[in-house]
Every structure is written in C-alpha cells, then in structure tokens.
Amino acid sequence: MSTIVLLLITGLGLGALYFLVASGLSLIYGLMGVLNFAHGSFLTIGAFIGWEVARRLSDGSWWALAAAMLTGAVVGALVAAATEFFLIRRLYNRHIEQVLVTVGLALASVALFEGIWGTDPTYVTSPSWLGQTTEILGARIPNNRFMLIVVAVLVLAAIVLFLKFTRYGLIIRAGVENRLMVTALGIDVRRAFTLVFAIGGAAAGLGGVLASIYYGYVSAHIGGSLLIFAFIVTVIGGLGSLAGAAIASVLVAVLQQFANFYLGGTGDLAVVLALAAVLLLRPRGLLGAKA
Amino acid sequence: MRSIWARPVTKIAASSALVLLMLLLPLLNISIPGVFPGPTYTPGTLQLLAYAMLIAALALSYHLLFGLAGMLSFGHALFFAAGAYGLGIVLRNFSPSWLPAGATFVAAILITVLIGFVLAALVGSVSLRVTGISFAMVTLAFAQAGSVVVRRNPGGQTGGEEGLTLDVSHVPDALVGVLNTRNLYWLSLAVLVFVYLVVLWVEKSRAGHVVAATRENEQRARVIGIRPYFVRLLIFGIAGALAALAGAAFLLLQSGVSPRVATPDFTLTLLVIVVLGGVGLRWGAVLGAIVYTLLDQRLTALAGSEFIARLPDLLRIPLSQPLFILGTLFILVVLFLPGGLAGLTERGGRPHRPSRRSRERMLEVEEI
C-alpha cells in the first residue's frame with residue numbers, strides 16, 4: 001500500500017513537471033502549428049539563470065527559491081518571446097521551416113549552455129524542508145513532490161483563468177479553434193502568437209527551476225530529456241488541448257513510475273508503448289479535436 | 001534548349017569522373033591544409049572521408065523520407081543504430097559451421113539490412129497512422145525508446161554506455177586494422193554509390209512518383225484513388241534498410257559503435273545535414289553530409305587550438321562549441337537560403353524540386 005501511495009505521488013510530481021513543459025508546447029502548437037524543439041532550451045536557461053540569482057541572494061532560503069522561480073519564469077518568457085519575434089515570425093505559416101529553426105536553436109543553445117556552465121551537472125541547494133520526507137499512509141514521500149504538484153496546479157489554474165476571462169485569452173481560444181476566422185474578423189492574431197510563446201516560455205522556465213529541485217542539479221541537457229516526454233504527453237493528450245495535456249501528463253508519469261518499479265525499470269518503454277496504443281486506437285489523442 | 005550541363009550524358013560523365021577521382025584518392029598525395037588533417041593517402045584523412053561518405057549515404061536514405069516523401073521523421077537514427085548494433089550482435093552470435101567464413105560475413109550483412117527493413121516496417125506501420133507534426137513526434141518517441149534499450153544493455157548484447165566493439169573473427173582480414181583503412185574507404189565509397197543508385201531507382205520508380213505526388217498534394221492523390229499509407233510504408237522501409245546498411249559499414253569503419261548514434265540528437269544532425277545541403281536534391285544530401293562532417297571535424301580541432309584559448313570569454317565560449325556554430329549556421333541557412341547549399345548553384349529551380357508552397361498547402365489542408 002505504502003509503495004503504491006509513494007509511486008502515485010511521485011508520479012504526480014513528475015507529471016507536474018511534464019505538464020509545465022507540455023502546456024506551452026500544446027498551446028503553441030494549437031494556435032500556430034509550430035512544433036517547438038527549442039522549448040527544452042527555454043526550460044534550461046530558466047533553470048540556470050534562476051539558480052544563478054538564488055546563489056547570489058543566499059543559499060537555501062525560501063526567499064532565494066522564490067526569487068529563482070520568478071527569475072526562471074521571467075527569463076523563460078523573455079527568451080521565448082524573443083524567439084518568436086526574431087525567428088519564428090519571419091517564417092510565418094511555413095511550418096516545416098519553423099520546426100527546423102527551433103531544431104537549430106535547440107542544438108546551438110545546448111552547445112552554448114555547455115560552453116558557459118560546463119558539461120558537468122551543477123548541484124543546487126534548496127530549502128532543507130524540500131529535502132525531507134513526509135509520511136502519508138506509511139509512505140515516506142519527498143516534500144519537493146508536493147511543491148511540484150501545487151505549483152503545476154496553480155499554473156494550470158492561472159492559464160485556464162487567463163484563457164477564460166481575458167480578451168487575449170478569448171483571442172487565443174478562438175485562434176486555436178479557427179485562426180483564419182479570427183484574422184478575417186480584423187484581429188491581429190500575431191500579437192497573440194508572441195503572447196502564447198511568452199506564456200509557454202514562462203511555464204517552461206518555472207519548470208526548469210522545479211526540475212532542478214526534483215533532480216537535485218541543473219545541466220545543459222535537463223530540458224532536452226524532459227522535452228521528449230513532453231512531446232509524448234502532448235500527442236497522447238491531443239495536440240492543442242490544455243486539459244488533454246494535463247490529464248496525459250499525470251497518466252504518462254504515473255505509468256512510468258509504476259513500470260519502473262514493478263516491471264524492472266521499463267518506464268520509458270512503457271510510455272512509448274502507451275503512445276503507440278493511443279495512436280492505434282485514437283490517432284488524434286485523448287482530447288484532440290482534429291487529427 | 002537545355003544547357004550542356006543539364007544533359008543526361010554530361011551528368012553521367014561528370015558523376016563517373018567524380019567517383020573515379022574518389023576511387024583513386026587513396027593512391028594520390030593531395031593535401032588541402034585546413035580541410036583534411038593530412039595528405040589523402042594517410043589513414044587519418046581516409047578515415048575522415050570514409051566517415052563523411054557513410055554519413056552521406058545515411059543522409060541520402062533520409063532524403064528518401066524527407067525530400068522525396070515529405071515525411072519529417074525524427075527517428076531515422078534508430079535504423080542506423082539498428083544496422084551498426086545489429087551487425088555487431090549478428091557477427092558475435094551467428095557462426096554456422098556449414099558456411100565458409102566469407103559467406104558468414106556477407107550473410108550477416110544481409111541479415112542486418114533485413115533487420116533494418118523489418119524494424120522500419122514495424123515502426124512505420126504505427127507512426128504512419130498520423131501525418132505531419134504528429135508523425136514527427138511519434139518517430140521521435142520510437143527513437144528515444146531505441147536509445148533507452150541500447151543504453152540498458154539487454155542481455156549484455158549492446159554494451160550499454162560503453163558501446164559495442166566489433167568481433168573480428170568473421171570479418172575478412174582486409175577490412176581489419178588501421179593499415180587497411182584504404183579498403184574500408186573503398187567499402188564506404190561502394191556503400192555510398194550503391195545507396196545513391198537505389199535512391200535514384202526509387203525516385204524514378206512508380207512508387208517514387210506516387211509518394212512524391214502525395215507529398216505535393218495528398219488530397220488530390222487520394223481523390224484519384226491512391227492510398228498513400230502503403231507506398232509511404234514501403235519508402236519508410238527502404239529508407240530504414242539503407243540506413244541499416246550505412247550503419248553496418250559504420251561499425252566496420254569504426255570497429256565499434258557508441259550509443260551516441262542511437263540518440264534523437266543524431267537524427268537532428270541528419271536533418272541539419274539534409275537541409276544544409278538542400279532539401280529535395282540527392283546530391284544536396286551528399287554535399288551537406290561532406291560539408292557538415294568536415295566542418296564539424298575542423299571546428300573541433302579549432303576549438304582546442306591555442307588561438308581560441310587566448311580569446312576573451314565572450315568570443316571563446318561560443319567559438320569553442322562546434323555545435324553552436326553549426327546550429328547558428330543552420331538557422332541562417334533556413335532563414336536566408338531556403339534551397340540550401342545546393343540551391344546556390346541551382347538558381348531558377350529544377351522542376352522536380354519540391355516547392356515549399358505545396359508542402360505548406362499540404363499542412364494547411366491537414367489543419368483545416
């Protein structure tokens with residue numbers, strides 16, 4: 001019993017990380033049709049700069065952590081918005097080229113991070129409470145999992161509220177539904193593009209800081225490894241669907257944890273098999289509106 | 001009136017002359033400082049050139065997918081790795097007593113290529129159920145799974161992180177050792193020429209025309225009664241088999257293989273190569289592979305040089321990362337040079353080049 005609780009909550013924590021990456025990917029794809037390979041780099045740069053700030057403030061206090069998270073989100077948003085503005089926008093509606101540019105950016109940025117911060121992982125110091133465990137139903141659960149879950153739920157709520165109750169949220173939802181119609185109504189949908197990139201980048205940058213707490217270190221490849229699972233999550237959840245991304249994040253991460261524990265560390269393979277199964281039974285994903 | 005360069009006879013003559021030059025290269029003493037590490041007869045240069053040619057063969061097989069069929073796959077490294085690891089594992093475990101040593105070697109290569117084909121058919125049969133961007137992500141997921149399997153070292157066969165070393169007991173002596181780099185060079189050239197000819201044949205075949213038609217306008221192809229699934233699957237399988245062949249030769253050349261070739265990053269490198277050379281052109285893929293490999297090798301040498309070490313940090317850090325320079329170069333090519341390097345000389349556009357507009361239209365149709 002205690003093992004199951006532990007696996008479930010750890011899975012939820014990992015799912016929270018996946019969601020922070022996948023939410024941006026899914027929104028960007030839904031609105032613009034861009035598969036963003038550079039999303040992992042937004043996460044990595046958010047994590048690196050977030051921790052640089054935290055280290056200068058103080059080591060391991062809650063204030064430093066809050067500053068790191070804020071910085072990570074802001075840096076992620078800025079880098080993402082700049083990417084959209086300087087690279088993606090020039091290739092408006094040329095989807096393959098847009099993907100290629102993000103691929104190039106991902107390769108170049110990871111190399112640059114390695115040049116600046118080195119190839120070895122940088123270990124981070126977080127508040128001591130996060131390193132301790134709490135006992136629930138006999139399972140000793142690392143406290144950082146709870147924080148991951150809380151932050152991801154807050155981010156989900158914030159994005160949903162933004163999409164539901166603001167004018168730009170309305171434009172984005174309408175754009176995901178039918179971009180041509182939004183443009184025809186005289187609304188400049190391109191400003192929404194930058195905005196979506198910034199939101200996705202902020203979530204990813206925040207996710208970067210949290211991922212480095214989860215793993216205990218930051219490295220140039222932290223984003224790339226999460227990105228692949230985020231891709232799988234977005235496909236399983238249905239491209240362009242935020243709710244689908246949230247559900248699929250949890251499903252994928254929990255499945256991964258259980259397979260890792262009970263089937264001899266085959267979590268990654270189980271996830272790919274799940275992807276194949278979903279594609280065979282329901283090619284547009286769990287909640288995807290279109291193929 | 002077609003110019004003399006566009007006539008088939010001239011093209012065949014020029015290609016033959018180029019192949020002949022490449023054939024003779026190990027016997028000549030040509031040094032191009034800054035491009036090759038030494039004169040062309042030295043093992044170091046031959047090794048580099050052979051490596052570049054195998055990457056070119058791999059890029060050509062990727063061109064079948066991306067250039068001809070318009071399928072943006074992120075999992076092609078899987079089949080290359082299947083070829084390299086497959087041959088290594090087959091050579092170690094497959095030694096029937098009734099076959100002479102040479103025949104065992106040939107049989108092992110054939111089995112490896114077959115493995116590549118079957119694996120590609122399996123992966124393709126699932127991933128081709130979706131198109132466009134979803135297809136890209138699904139192939140990426142499969143490649144990631146392959147990478148995980150290779151690293152996990154199932155049954156002690158792949159060697160995990162350390163990689164696999166070639167078991168030479170069934171390999172002909174002429175293909176073993178530094179002294180025989182020349183033979184490995186010729187082998188790589190033969191693989192490249194063979195792959196080129198197969199790709200040419202596929203492009204000119206019925207299947208090639210059908211798959212090019214579905215790339216240009218899938219809806220229209222469906223309307224006239226073509227079902228793209230099976231012909232795409234066939235192309236996917238052939239590309240997988242060719243990649244496995246290149247992988248098998250890669251194992252022989254390097255006398256080993258590391259899990260690096262199974263990573264999705266390696267596929268991204270391939271994509272960079274094909275786009276750098278020019279999408280949709282066979283020799284664009286070859287040119288891209290040669291330029292990329294030489295640049296990568298030279299930039300790595302440059303990164304470790306005294307000159308770079310003395311620069312201030314702001315210049316030193318980016319310049320000491322070859323992938324940073326190559327990635328930036330790639331972005332610039334995508335932004336400003338849509339036809340790639342080959343496009344520089346192909347001004348005016350050849351009729352069989354896939355037009356960007358039509359591919360966009362295809363994606364738009366999917367979206368609506």
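Predicted model: local features only at pLDDT ≥ 70, side-chain atom pairs only at ≥ 80, totals over all residues.
Residues are numbered from 1 along each chain as its sequence is written, and chains are lettered from A and ligands numbered from 1 in the order in which they are written.

**View 1. Overall fold of chain A.** Chain A contains 12 helices and 4 strands; helices (H or I, at least four residues) and strands (E, at least two) are DSSP runs, numbered from the N terminus. The radius of gyration of chain A is 19 Å, close to the 19 Å that the globule rule gives for 291 residues, so chain A is as compact as a globular protein of that length. The radius is taken over C-alpha atoms, and the rule is 2.2 Å times the number of residues to the power 0.38. The C-alpha trace of chain A spans about 60 × 45 × 35 Å along its principal axes. Of its 291 residues, 57% count as buried. A residue is buried if 20 or more other C-beta atoms lie within 10 Å of its own, exposed if 12 or fewer, and partly exposed in between, with C-beta atoms placed from the backbone.

**View 2. Overall fold of chain B.** The secondary structure of chain B comes to 16 helices and 2 strands. A compact globule of 368 residues would have a radius of gyration near 21 Å, and the 21 Å of chain B agrees with this. Taken along the principal axes, the C-alpha atoms of chain B fill a box of roughly 55 × 55 × 50 Å. Of the 368 residues, 46% count as buried. Among contacts in chain B between residues at least 6 apart in sequence, 75% join residues at least 24 apart; two residues are in contact if their C-beta atoms, placed from the backbone, lie within 7 Å.

**View 3. The contact between chains A and B.** Chain A contributes 37 residues to the contact and chain B contributes 36 residues. On the side of chain A that touches chain B, the elements giving two or more residues are α4 (95–117), α10 (222–237) and α12 (267–281) of chain A. The most comes from α4(A), with 16 residues. By class, this side of chain A has 27 nonpolar, 5 polar and 5 charged residues. Ala, Val, Leu, Ile, Met, Phe, Trp, Tyr, Cys and Pro count as nonpolar, Asp, Glu, Lys and Arg as charged, and the others, Gly among them, as polar.

**View 4. Helices α9 and α10 of chain A.** Helix α9 (residues 189–215) of chain A packs with α10(A) at an angle of about 100°, their axes 11 Å apart. Axes are lines fitted to C-alpha atoms, for helices over the stretch in contact, and angles run from 0 to 180 degrees between N-to-C directions. The two helices, α9(A) and α10(A), are therefore roughly perpendicular to each other. Angles under 35 degrees count as roughly parallel, over 145 as roughly antiparallel, 65 to 115 as roughly perpendicular and the rest as oblique. Gly208(A), Ala211(A), Ser212(A) and Tyr215(A) in α9(A) meet Ile222(A), Gly223(A) and Leu226(A) in α10(A). This contact has 4 nonpolar, 3 polar and no charged residues.

**View 5. Helices α2 and α9 of chain B.** Helix α2 (residues 43–68) of chain B and helix α9 (residues 228–254) of chain B pack at about 170°, with axes 9 Å apart. The pair α2(B) and α9(B) is therefore roughly antiparallel. Residues of α2(B) in the contact include Ala50(B), Tyr51(B) and Leu54(B), and those of α9(B) include Ile235(B), Phe236(B) and Ala246(B). The contact of α2(B) with α9(B) has 19 nonpolar, 1 polar and no charged residues.

View 6. Leaving out residues up to four places away in sequence, Ala246(B) touches Leu54(B), Ala57(B), Leu58(B), Ser61(B), Phe80(B), Gly83(B), Val191(B) and Val195(B). Tyr196(B) is placed in helix α6 (residues 181–204) of chain B and counts as buried, with 20 C-beta neighbours inside 10 Å. Tyr196(B) and Ala57(B) are 139 residues apart in sequence and 7.2 Å apart in space, C-alpha to C-alpha.

View 7. Phi of Ser255(B) is near 45°, a positive value in a residue other than glycine. Ser255(B) counts as partly exposed, because 17 C-beta neighbours lie inside 10 Å.
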